[in-house]
Amino acid sequence: MNWFRKPWSPYIAGGLVGLLAITSVVISTQLLAKPKYLGTSTTMVRLAGLAESQVASDHVSSNEYFQSKKIKVDWQMMLVVGIVIGAFLAAIASQEFKSETVPTLWKARFGPKWHVRALGAFLGGILAILGARLAGGCPSGHGLSGMMQLAGSGLLAMVGFMAGGILAANCIYRKGGN
Amino acid sequence: MELLLGLITGIFFGFLLQKGGVLRFEKQVGFLLLRDATILKFMFSAILVGSVGIYVCRDMGWIDLKLKSISIGAQLIGGGLFGLGWAILGYCPGTAGGALGEGRWHAGWGILGMLVGAGLYAELYPSLKDSVLTWGTYGKKSIPEILGIHHWLIIGMFTLLYLAIFFLLERGPKKG
């Protein structure tokens, strides 16, 4: 069981994600009569809708976008829950579970204060999901699932993700780190 | 059944994300700074294996594709905006969840931001629907359909491209 305790090559882990994606589509087609491709960002919409409907359910039920995504606990939301659990199990297995409030590279650029990182992560999260929903997917839905299916939309979105990310990261972190 | 299937698939997915080492902020931003190729190797390996498998299964008639609609405006502008957020947060929605599982609590602030952003997007949607989302729309088309080239030829070309990138990464002086 030594392999279980060690980190894996990204080629192996990535290749296995490819197999997982295929298996998921085949099994979901058989059992659920609809293909389930990996994706995560619509879950944020459903979670936001579920939270909002606690305080303003009329507003959610009259919102066109929320209604188009069907606000409920679904396959993809459970996938996201599973990702947290799976990552936790793997981190425990490889003894890599590490409590971290400010990552090293961030610290080098913006200092060690946790609330600065929290604010940055929060704002980054807002921008990332606005972009992902506008593009119609994230690096899972467009990047992995889209590219696997040779989707035109997947390739376009990947170009956008990479161009935006590389440009922004070089502007933001060039001064720090290294 | 649907929920259980999602959960199990997610556990495997999260396990592999962690084992592949892609849940670290330094790996994510390092990729965007073009200093670390872990993310690239991971993603391209997944796409390489996945594209062959998906199209074999589709050609056998076992599964259907589920393509997202093309909107050049939405995908390039939205993609770019996502990239900016990705660089600041250091995670995408899937890896943020995984990072949380690995104990990187700061990713949780990012998820909180994503929930707020998703609510915001729902409010903006009516105006986006008639503007950005309509720019350069071509429907749910695949690259082989657009180019009029057989899909296995396209898969072959992508596979060669990914393998060439892997080869260059492994023999180059900077190893990820």
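Me: In this predicted model, which residue's side chain meets that of B:Lys27 in a salt bridge?
Reply: A salt bridge needs a side-chain nitrogen of Lys or Arg within 4 Å of a carboxyl oxygen of Asp or Glu. For B:Lys27 the N to O value is 3.4 Å. Both residues of this pair are buried. The partner of B:Lys27 is B:Asp36.

Me: Which residue of chain B forms a salt bridge with A:Glu96?
Reply: A:Glu96 lies in the loop between H6 and helix H7 of chain A, and its partner lies in the loop between helix H1 and helix H2 of chain B, so the pair joins two chains. The closest N and O atoms are 3.1 Å apart. The partner is B:Arg24.

Me: Is A:Glu96 buried or partly exposed?
Reply: Buried means under 20% relative accessible area. The relative accessibility of A:Glu96 is 19%, so A:Glu96 counts as buried.

Me: How far apart are the closest N and O atoms in the salt bridge between B:Arg104 and A:Glu100?
Reply: This pair crosses between chains, from a loop of chain B to a loop of chain A. B:Arg104 is buried, and A:Glu100 is buried as well. The closest N and O atoms are apart by 2.9 Å.

Technical notes. Residues are numbered from 1 along each chain as its sequence is written. Chains are lettered from A and ligands numbered from 1 in the order in which they are written. This is a predicted model: local features need pLDDT of at least 70, side-chain atom pairs count only at pLDDT 80 or more; totals for chains, interfaces and linings use all residues. Side-chain values use heavy atoms; hydrogens and water are left out. Helices (H or I, at least four residues) and strands (E, at least two) are DSSP runs, numbered from the N terminus. Buried means under 20% relative accessible area, exposed over 50%, partly exposed in between (1.4 Å probe, protein chains only).
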